[in-house]
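Here is a brisk report on one protein model.

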Amino acid sequence: MEQLVRNGAPCILCASRKKLIQLTPEEGVRQDFIQKLIEVYGVPPENIQVEVQVYEGETRIGRTDIVVTHGVGSDEQPLLVVECKRPDWPLIDTVHKQAKRYCDALGVNLLVLTNGLQPVVLYRTDPAADFAPLTKLPSYSALLEQKGLRPAKPTPEFQREADGWAGPAFYHWLEGVAGVDTPKPIALFAYGLMEMLLDTRDRLQNLETKQATFVRDCGLRYTTFGNVTGGSWTGRYRYFIFDDMTRGHSVVSISILGKAKTENDPVYGNSKGETMLLVAIDDFEKTHHSLQLALDRFITITGNRIEVWHDGTLTAGKNGSVKRSDVIDFVFERQPQLVREGRIVLGSIETGPPYTIQTKGVQELIGNLADYAILRDQFRRTVGK
């Protein structure tokens, strides 16, 4: 397992949850077994669920470490339960009893118990039978064949048309990228940039940044991040690992999503349907958008160039909004090249897609967005103190 570090604590990028998880002894066992499920037993990552809440009727009886499923969507069903303990925790009768209770509640007949040593594999022919040991865990394909089941189809990766830019015709992938009130030239830029983020065949290999060291382009994740108004932004994010100068490794996720237009809404009032460039940072179980940039307001088009910038607007949790000039001064002290004429300049790209990772200005924009998001979080922590 590749070990990373955040806030001085060892962590790992979970292949199932696609986020940084703090590496405790028990988590190490769990992550090691997740890797084995994928690499040795052939389980698709999308069929691995972690920390699943288990209920008997309406009563929650606990949370099992790993559940391997078959099927997809509404047809997805549990197939295997895995209970993990730290290496110094013996797999005593109470461990067996609790895990079997999870199997009963989930209707599962295959169970693995492990503390990082030789796993205990147990199987029963039906819920009324007793569990009996197996010599080894069968492969995922063998399990499916034995039970007459079919594997889930892997989540398809976005692919462009052969002639380049797909544009809004890719409704399934690009629905909701641009807000209804976004001017056409900006919407076109948003579609092209999001299309580039979705096309993971073209991976970022190297990136020059000032505030953090680029580690890896991890591809796509489908997730949600909250905002200060209590809402959330759910969609596909391209996510990257950076090693910053203060907290170690960070997962930085970038997406573009349209904001709903509202009129006389009790929470949001009257709000335009703008297009938002979103940059999020994970902090173990806490996730948040470090930057929500309205492209409608923070894009300048000059000739055939589009410049993305920001005015420093920032909300610092319970402290509320802060002075924009304080944010700009904070950024200028650490990365003066980002500040020009009293605003944060994040990048400049030619108008008109298609865009790729190699398009001039794209890598600079991604690097500056990551740097600015990390700096904004640093500023929030200074306000919190």
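Two strands count as paired if DSSP finds at least two bridges between them. The model discussed here is predicted. In it, β4 and β5 (residues 59-70) run antiparallel and are joined by eight bridges. Within this pair, Q53 faces R63 of β5.

The pair belongs to an open sheet of six strands. The strand order is β4-β5-β6-β7-β8-β9, and the pairing is mixed. At the edges stand β4 (48-56) and β9 (132-134), each pairing on one side only. From one strand to the next, the twist averages 40°.

Helix α2 (residues 93-106) lies across β4, β5, β6, β7 and β8 (120-123). Helix α2 runs at about 75° to β5.

## The four-stranded sheet

A further open sheet has four strands, ordered β17-β18-β20-β19, with antiparallel pairing. Its edges are β17 (299-302) and β19 (339-340). Each has a single partner strand, so one side of each is left without a neighbour in the sheet.

Two bridges link β19 to β20 (residues 343-350), again in the antiparallel sense. Here R340 stands opposite R343 of β20. Helix α5 (residues 184-198) packs on the sheet and touches β17, β18 (305-310) and β20. The direction of α5 makes about 105° with that of β17.

## Two nonpolar cores

Which residues touch the most other members of the largest nonpolar core? They are F189, L295, V308 and I366, in a core of 57 residues. Leaving aside residues up to four places away in sequence, L295 touches I186, F189, A190, I256, T275, L277 and V308.

## A buried arginine

R238 sits in strand β11 (residues 232-244). Is R238 buried or exposed? Its relative accessibility is 1%. The cut-off for buried is under 20%, so R238 counts as buried.

Conventions:
Residues numbered from 1 in each chain as written. Predicted model: local features only at pLDDT ≥ 70, side-chain atom pairs only at ≥ 80, totals over all residues. Heavy atoms only, no water. Axes fitted to C-alpha atoms, helices over the stretch in contact; angles between N-to-C directions. Contact = heavy atoms within 4.5 Å. Core = buried A, V, L, I, M, F, W, Y, C linked by side-chain atoms within 4.5 Å. Buried < 20%, exposed > 50% of the residue type's maximum accessible area, 1.4 Å probe, protein only.
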